[in-house]
Amino acid sequence: MQDIRLAIFDWDGTLMDSVGRIVACVQGAARDCELAVPAPTQIRQIIGLSLDVAMSRLFPLSSGSGSGSGSGSGSGSAFDERQIAALIDRYRHHYLHDATPSPLFSGAGELLHDWRSRGLQLAIATGKSRRGLDRVLDETGLRPLFVTSRGADEARSKPDPLMLEQILDELGLSPRQAVMIGDSVHDMAMAEAIAMPRIGVTWGVDSRDALSRHGPVAVVDSMTALRALL
C-alpha cells in the first residue's frame, strides 16, 4: 500500500468504542416512542448508517402503529415520517445524556498521531451528523489531525459512496490513493463501490467473515496490526 496518501476512517466502532452507547440510546428512543425495543444484535446491524435510514430499517412503520394518525389517503407515509423524526429526536436526547462510556479504542490516538507525523493525510467518513461529529472531535481533541470529514447529513447514507467521492474531490485524489478503514460492512461496501482499497477492523460491529466478503486488502484484530499496514 505504498501509494496511499489518505486514510479515511469511520468513527463509531472504529476509532471510538461507542457501540454500547448507541445501542442504549436507540433502545431508549424506542421506549420513549412506545415502540417495540430492538435487540442489541438488530441495532448493531444499522450502526454506520445515517439516522433516518437506520431508524427506518429498525422500525418499519409502513403498516402504521398507534392511533390518531389520520385515515385519509397517504396518511401512513406522513405518519411514518413523523415517527422517524420523533425517534431521531429522542435518540439525540439520549445520546447527549446517556452515561454509557464511549472512549477511544486503546491505541487509536497513538495510531492517528503516528500516521499524521509521517505525512499521511487523515479524514473521516461517518454515519454521525455534522453536529455529532464536531462534538466528539472537540471532546477527544483529535480535530487538528484530520484534513477533512463528512457526516451523514452532508452526503447520502452509507453504503452510497458519495461521501468518499466528496472527500477525494476536495483533496484532488483518486480512489487508489486512499484507503477506507471501518468496522462495518457498510464501510466496506461504500469503498468497494468506487474500487477504493479498504481495511476491515474486527473490534466493532461486524465479523471478520462479513467484512471479508467485500474484498478488503486486510482485516485486522488490533490497532497494532492496523498501524503496521501503512
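Q: What does buried mean here, in terms of relative accessible area?
A: Buried means under 20% relative accessible area, and exposed means over 50%. Partly exposed lies in between. Keep in mind that this is a predicted model.

Q: Which residues of helix α3 are buried?
A: Start with the general idea. An α-helix has 3.6 residues a turn, so residues three or four places apart point the same way. Now the case. α3 spans residues 51-58, and its buried residues are Ala-54, Met-55 and Leu-58. They sit on the same side of α3, because they cover an arc of only 95° around the axis.

Q: Which residues are buried in α6?
A: Arg-130, Gly-132, Leu-133, Val-136 and Leu-137 are buried there. Seen down the axis of α6, they fall within an arc of 165°, so they line one face of the helix.

Q: What do the buried residues of α6 pack against?
A: They pack against β2 and β3. Turn to the face away from the buried side. There α6 carries the exposed residues Arg-131, Asp-138 and Glu-139. Just after α6, the backbone shows a positive phi of about 75° at Gly-141.

Q: How many bridges join β1 to β4?
A: Four bridges join them, and the two strands run parallel. β1 covers residues 6-9. Ala-7 stands opposite Val-179 in β4.

Q: How many bridges link β4 and β5?
A: Three, again in the parallel sense. Gly-182 has Gly-200 in β5 as its bridge partner. Continue to β6. Strand β5 (residues 198-201) is joined to β6 by three bridges, and these strands run parallel. Here Ile-199 has Ala-218 in β6 as its bridge partner.

Q: Is β4 mostly covered or mostly exposed?
A: Mostly covered: five of its five residues are buried. Ala-178, Met-180 and Gly-182 point one way from β4. Val-179 and Ile-181 point the other way, and all of these residues are buried.

Q: How many cavities of 30 Å³ or more does a search of the whole structure find?
A: Two. The largest cavity has a volume of about 320 Å³. Its lining holds 19 residues, and the closest to its centre are Leu-51, Tyr-91, Gly-127, Lys-128 and Ser-129. The elements giving two or more residues to this lining are α1 (19-32), α3, α4 (75-97) and α6 (130-140).

Q: Which element gives the most to the lining of the largest cavity?
A: α4, with four residues.

Q: Is Gly-109 buried or exposed?
A: Take its relative accessibility and apply the cut-off: buried is under 20%. Gly-109 has 16%, so it counts as buried. The residue is found in helix α5 (residues 108-117). Gly-109 and Ile-181 are 72 residues apart in sequence. In space they are 15 Å apart, C-alpha to C-alpha.

Q: What is the phi of Glu-34?
A: It is near 55°, a positive value in a residue other than glycine. Glu-34 lies in the loop between α1 and α2 (40-44). With a relative accessible area of 74%, Glu-34 is exposed.

Q: What is the phi of Ala-195?
A: Near 55°, which is positive in a residue other than glycine. Ala-195 is found in the loop between α8 and β5. Its relative accessible area is 41%, so Ala-195 is partly exposed.

Q: Which residues does a cis peptide bond join, with omega about 10°?
A: Check omega along the backbone. The cis bond joins Lys-158 and Pro-159. Pro-159 is found in the loop between β3 and α7 (162-171).

Note on methods: Residues numbered from 1 in each chain as written. Predicted model: local features only at pLDDT ≥ 70, side-chain atom pairs only at ≥ 80, totals over all residues. Heavy atoms only, no water. Buried < 20%, exposed > 50% of the residue type's maximum accessible area, 1.4 Å probe, protein only. Arc of directions from axis to C-beta. Pairing = 2+ DSSP bridges. 1 Å grid on protein atoms, 1.4 Å probe; cavity = no way out; pocket = protein on both sides within 12 Å on 5 of 7 lines; lining within 4 Å. Points joined across faces, edges and corners; volume = space filled by probe spheres on them. Contact = heavy atoms within 4.5 Å.
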